[in-house]
Amino acid sequence: MLYMAILRSPYAHARIRRIDTSAALAAPGVKLVLTGEDLAKMNLAWMPTLNGDQQMVLAVDKVLFQYQEVAAVVAETRAQAEDALQLIEVDYEPLPVVVDPFKALEPDAPILREDREKKSNHIWHWESGDREETENVFRDAPVVVKQDVRFQRVHPSPLEPCGCVADYNTATGRLTFYVTSQAPHVHRTVIAMLSGIPEHQIRVISPDIGGGFGNKVGVYPGYVVAVAASLKLGVPVKWIETRTENIASTSFARDFHMTCEIAAREDGKVLGLRVKTIADHGAFDAAANPTKFPAGLFNIVTGSYDFKAAFVEVDAVYTNKAPGGVAYRCSFRVTEAAYLIERTMDVLAQRLKIDPAELRFRNFIRKDQFPYKSPTGWVYDSGDYEKTLKLALERIGYDELRKEQAEKRARGEFMGIGISTFTEIVGGGPKNTFDILGIKMFDSAEIRVHPTGKVIARLGVRHQGQGHETTFAQIIAEELGLSADDVLIEEGDTDTAPYGLGTYASRSTPTAGAAAALCARRIREKARKIAAHLLEVGEDDVVWDGTAFSAKGLPGKSVTMKDVAFAAYTDVPDGVEPGLEATYYYDPPNLTFPHGAYIAVVDIDKGTGAVKVRRFLAVDDCGNVINPMIVEGQVHGGLTEGFAIAFMQDIPYDSNGNCLAPNWMDYLVPTALDTPHWETDRTVTPSPHHPIGAKGVGESPNVGSPAAFVNAVVDALSPLGVEHIDMPLYPWKIWKILREHGINE
């Protein structure tokens, strides 16, 4: 095996005058050096992004962001490859840099993407809702609040960065590609389209991959270069990126500049919502979104509230920053949407001097309104928002906390209570509206029951620690009347698993879980025919009680699924095909809409501005729960990530486009000591269209928690007239506000 290292640009924007690789090629152990021109000869200089743009694999003519891939070295050892990178001479001509998306839209801004026909940094405009009706509502509304909100650039930062081994066999013409992929089948298709290798000659294997959180959905230049190197050399080539490469060049999340307006009555009843957003996509539009939704599902921004009219518009912009835009533990920009509406609802509550919990009760979509069609077109499947918030208020002791807060305020102390009542949207498909690169977003399961009653099930998704082996085994075992110990789950190998769209955006249980249940039911229907043969009765006289088949009117005469499985291979009735297996591709009729009510309680140190999260309660409603312990783990992990975003994390750039947080010294990841104690509870509102009533939960805590944290801190500082603070809530930022008001002089 050979090892690959990548040379990256020190400049955010520069013309490449010349690249001299001769010294690197002569270095010890070096087998190959690749540049963009070399890849162009292989028709691999550019690759399609998930959002319909194209991205340079290795920079050609100029670089567009710091850490962009410029050249690659393949050597006998990784150290030799890294050493040889230093010998590559690149003559750069620095160009003007644009890192502010608003400045990128100015008429005299330098054009970053000279390869595009459109000579502008504006990428696209997208809108949703009814503009005219919304304008009418705002024109007549007695109350209008407006708030600018920034959701900073953050990064999923999985424990293990991205990596791959490309192994092209020149004798068979077959490529085996080991990769840290959340969507191995999609990666196989993309590699086939790029390389020209027939798809059936490509095997993608995604082993345990050390976390993903959306970061491992995309196809990155390092993957393509490793494949190109293996094609040229005919030996396996390994590339594992560094932490800095992962943060500074693979897909980021958020970076939305949002303005939200709410029209309301004086009693707090909301009437209309108007949202305008600038989305900073960096150098290439590589966001992971269904192609019909360039801004993802951001138009879920009406949240849990019954707006009569809404209009949402988003403009995407190129800047000299790393490209991407992933569904970082949310379903395609839902976190930004939930944060925006929950922040602005608190601004409205503060202006009208209405308790934020009471304001939400006055505006919730009522449970008898489901299925509910939102003014931006989504049809919410089910929910009981009042019940969930009431449970949260009771569990946290809301009334007592407000009394305590009043007493502390009288003493000059700063205590805050923040509420977030969010609605998520997960489970992509359905296929008529959801796709990645045009590939429809269904998912799949294949189940084989062996003669001894043991089961192997293969699915098209790929877990990164979500506990699929447990969850899917439970679903299949429940449907077949077997023990979960009898079921083996396999994922991540495109040679064995049926085609699937992968695991991200909380879609595994809503799609693959449904496919597993319906696939098992298909097997059960065949098993019924064999059971009728064994019981010597007609098929219509066979009854399934969840554990065994029995004959109507003949108590005590029954056969188990294991009995049927053995007969499927040894005693099959005439007209029935031997064996007991099935495949199912599930196209969901709708998405699912989990919701939750989160409450944060914070105290602020007047002297330092440090915020202590004293309590945090998350009440989730993700429909029917398959495994409570796994749901609990998902919630804890997502809350910890939401906490980090609210208080710690940002990827800033200076005016020269230098990334100022390319490692874990500057881009902070919370430790166990930093992380608050999480309290959890749940309500259950089954999804009416899902085969087992499940909705998905993995994204909810990250979607709902940032707003609860910020609402709590703003609530604490509201006596000073503070209505909003952008994340992250660094202590110095709070300290500065306190100082401006003469609190800590």
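This is a predicted model: local features need pLDDT of at least 70, side-chain atom pairs count only at pLDDT 80 or more; totals for chains, interfaces and linings use all residues.
Local features here need pLDDT of at least 70, side-chain atom pairs count only at pLDDT 80 or more, and totals for chains, interfaces and linings use all residues. Residues are numbered from 1 along each chain as its sequence is written, and side-chain values use heavy atoms, with hydrogens and water left out.

Colleague: What is the volume of the largest cavity?
Modeller: On a 1 Å grid over the protein atoms alone, a cavity is a set of points where a 1.4 Å probe fits but cannot get out. Grid points are joined across faces, edges and corners, and a volume is the space filled by probe spheres set on the points. The whole structure holds seven cavities of 30 Å³ or more. For the largest cavity the volume is about 160 Å³.

Colleague: Which residues lie closest to the centre of the largest cavity?
Modeller: Lining residues are those with an atom within 4 Å of a point, and the largest cavity has 19 of them. By class they are twelve nonpolar, six polar and one charged, where Ala, Val, Leu, Ile, Met, Phe, Trp, Tyr, Cys and Pro count as nonpolar, Asp, Glu, Lys and Arg as charged, and the others, Gly among them, as polar. Closest to the centre are Gln55, Gly218, Val219, Tyr220 and Ala286.

Colleague: How many charged residues are in the lining of the second largest cavity?
Modeller: This cavity has a volume of about 70 Å³. Its lining includes Asp620, Glu632, Asp681 and Arg682, and both helix H16 (628-647) and strand E32 (679-682) supply at least two residues; helices (H or I, at least four residues) and strands (E, at least two) are DSSP runs, numbered from the N terminus. Besides three nonpolar and one polar, the count of charged residues is four.

Colleague: Which element gives the most to the lining of the largest pocket?
Modeller: A pocket is an open set of points with protein on both sides within 12 Å along at least five of seven lines. The largest pocket holds about 650 Å³, and Gln466, Ser506, Gln634, Val697 and Gly698 are the closest to its centre among 36 lining residues. Helix H13 (468-480), helix H14 (508-535) and H16 each give two or more residues. With five residues, the element that gives the most is H16.

Colleague: Why does one side of E9 and of E10 lack a neighbour in the sheet?
Modeller: Two strands pair if DSSP finds at least two bridges between them. The five-strand open sheet has mixed pairing and the order E9-E17-E16-E15-E10. Strand E9 (122-129) and strand E10 (143-154) stand at its edges, so each has a single partner strand.

Colleague: Which residue stands opposite glutamate 127 in E17?
Modeller: E9 and strand E17 (residues 309-317) run antiparallel and are joined by seven bridges. Opposite glutamate 127 stands glutamate 313.

Colleague: What is the bridge partner of valine 542 in E27?
Modeller: E26 and strand E27 (residues 548-551) belong to an antiparallel open sheet in the order E26-E27-E28. Three bridges pair E26 with E27. The partner of valine 542 is alanine 551.

Colleague: Are H9 and H17 roughly parallel or roughly antiparallel?
Modeller: Axes are lines fitted to C-alpha atoms, for helices over the stretch in contact, and angles run from 0 to 180 degrees between N-to-C directions. The axes of helix H9 (residues 334-352) and helix H17 (residues 700-717) come within 8 Å and cross at roughly 30°. Angles under 35 degrees count as roughly parallel and over 145 as roughly antiparallel. The helices are therefore roughly parallel.

Methods. Angles under 35 degrees count as roughly parallel, over 145 as roughly antiparallel, 65 to 115 as roughly perpendicular and the rest as oblique.
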